[in-house]
Amino acid sequence: MKIIDLLNSEKFSLSFEVFPPKTESNYESVKHATEEIAKLSPSFMSVTYGAGGGTSRYTLDIAKNIKERYGVPSLAHLTCVSSTRETVRERINDIRSAGIQNVMALRGDIPVELEGADRSTWDYKHAVELVRELRECDGDLCIGGACYPEIHPESRNQREDIRFLKEKVDAGCSFLTTQMFFDNNLLYNFLYKIREAGITVPIIPGVMPITNGNQVERAIKLSGSFMPQRFKTIVDRFGSDPAAMKQAGIAYATDQIIDLFANGITNVHVYSMNKPDVAAAILGNLSDILR
Ligand code: FAD
């Protein structure tokens, strides 16, 4: 099933993101966690791709397993920046052979050792080139792209970021998923601006439940997201009590999702970080809304 067809539904739904294991020894435990999440019947599940493609096989194995064993549509992520054209084409063929219909086309973060390198010789400099490649290889794929309500950290300003985003969508993205954010007003402002810029594809807001105090710093460092005072106060008060922080983080994410639903969003993507208990708790909190 293509994600774009799910997004056209009026029904409220949640999708979940999982990540593949970094090593073979973790494969079974990660697979088990992703299966527990799949059993919750989300609208779809996305499986991330290790930067540089180190865990590419696992991404596909997990995406295929979720789809075939649990009937949950899967979205396989693919990055391009540190790969050759040949490798990317191989990956695209693998995705098609696995029967995956949805691909998240990403540039990927620039590896530290390549920062400052001459980029003119790279096969891929931006995600837009991967979107074009995917479209060329298989016109029937449902392609997603990433977007940044608080602008991408490398962008000079939001106007430029949105101009490049429009180029990426025009190259063939059917939908966009956002970077995590903790203040819904940032998303609403962003939606207004991108609609004004002529980007009309569905936007899937990404919400990250912060369930332990240590996660906060890492999440902000990775995403550059603004942390509202209301959330900082929660972390200050409950960050050192794991059970309380988990409950508060789930409640905060639930609250964000309810507000998004109330304001016209129908599918929210939850960065569930391979945590079936967190995914189940959020679904439980929303059971009557999602019914
Ligand atoms: P791009 O769309 O290429 O944008 C990157 C920067 O380049 C932006 O500043 C943009 O404005 C600029 N730009 C774009 N096009 C042009 C152009 N033509 N000329 C000049 N500048 C341009 N990383 C992983 O490694 N694996 C994952 O599975 C993964 N999943 C993600 C899922 C989501 C929903 C999000 C939001 C991010 C994800 N990431 C993942 C992180 C992502 O790879 C990084 O944020 C990366 O730095 C940018 O990727 P992108 O696809 O948005 O890049």
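Let me begin with a term: a polar contact is a pair of N or O atoms within 3.5 Å, where, within protein, one atom must be able to donate a hydrogen and the other to accept it, and where residues adjacent in sequence count only if both atoms are side-chain atoms. What we have here is a predicted model, in which local features need pLDDT of at least 70 and side-chain atom pairs count only at pLDDT 80 or more, while totals for chains, interfaces and linings use all residues. Residues are numbered from 1 along each chain as its sequence is written, and side-chain values use heavy atoms, with hydrogens and water left out.

With that in place, I start at aspartate 138, which sits in the loop between helix 5 (127-137) and strand 5; helices (H or I, at least four residues) and strands (E, at least two) are DSSP runs numbered from the N terminus. Is aspartate 138 buried or exposed? Aspartate 138 is buried, because its relative accessible area is 16%, and buried means under 20% relative accessible area, exposed over 50%, and partly exposed in between, with a 1.4 Å probe and protein chains only.

Let me turn to the strands. Strand 5 (residues 142-147) pairs with strand 6 in the parallel sense over four bridges, where two strands are said to pair if DSSP finds at least two bridges between them. Strand 6 is largely enclosed by the rest of the structure, because five of its six residues are buried.

Strand 3 is mostly covered as well, with six of its six residues buried. In a regular strand the side chains alternate between the two faces of the sheet. In strand 3, Ser74, Ala76 and Leu78 point one way, and Leu75, His77 and Thr79 point the other way. Strand 3 pairs in the parallel sense with strand 2 over three bridges, and also in the parallel sense with strand 4 over five bridges. Methionine 45 stands opposite serine 74 of strand 3, and alanine 76 stands opposite valine 103 of strand 4.

Now to the ligand. Which residues come nearest to the ligand? Of the 24 residues around the ligand, these are Tyr49, Asp109, Tyr148, Ser155 and Asp161, where a residue counts as near if one of its heavy atoms lies within 4 Å. At least two residues of this shell are supplied by each of strand 3 (74-79), strand 4 (102-106), helix 6 (158-172) and strand 6 (175-180), and helix 6 gives the most, with four residues. By class, the shell divides into nine nonpolar, 10 polar and five charged residues; here Ala, Val, Leu, Ile, Met, Phe, Trp, Tyr, Cys and Pro count as nonpolar, Asp, Glu, Lys and Arg as charged, and the others, Gly among them, as polar.

One lies 3.1 Å from a polar backbone atom of glycine 108, one lies 2.9 Å from a backbone N or O atom of alanine 127, and one lies 2.8 Å from an N or O atom in the side chain of histidine 152. The protein covers 86% of the 970 Å² of accessible area that the ligand has on its own, with accessible areas taken from the Shrake-Rupley method with a 1.4 Å probe and, for residues, only the protein chains shown counting as cover.

Next comes tyrosine 70, in helix 3 (residues 56-70), which is partly exposed, with a relative accessible area of 24%. Leaving aside neighbours within four places in sequence, tyrosine 70 is in contact (heavy atoms within 4.5 Å) with Glu35, Ala38, Lys39 and Asn65. The side chains of tyrosine 70 and glutamate 35 are joined by a polar contact of 3.4 Å.

I close with two backbone angles. Most residues other than glycine have a negative phi. Serine 41, in the loop between helix 2 (27-38) and strand 2 (45-47), has a positive phi of about 55° and counts as exposed at 57% relative accessibility. Asparagine 274, in the loop between strand 8 (267-270) and helix 11 (276-285), has a positive phi near 60° but counts as buried, at 12% relative accessibility.
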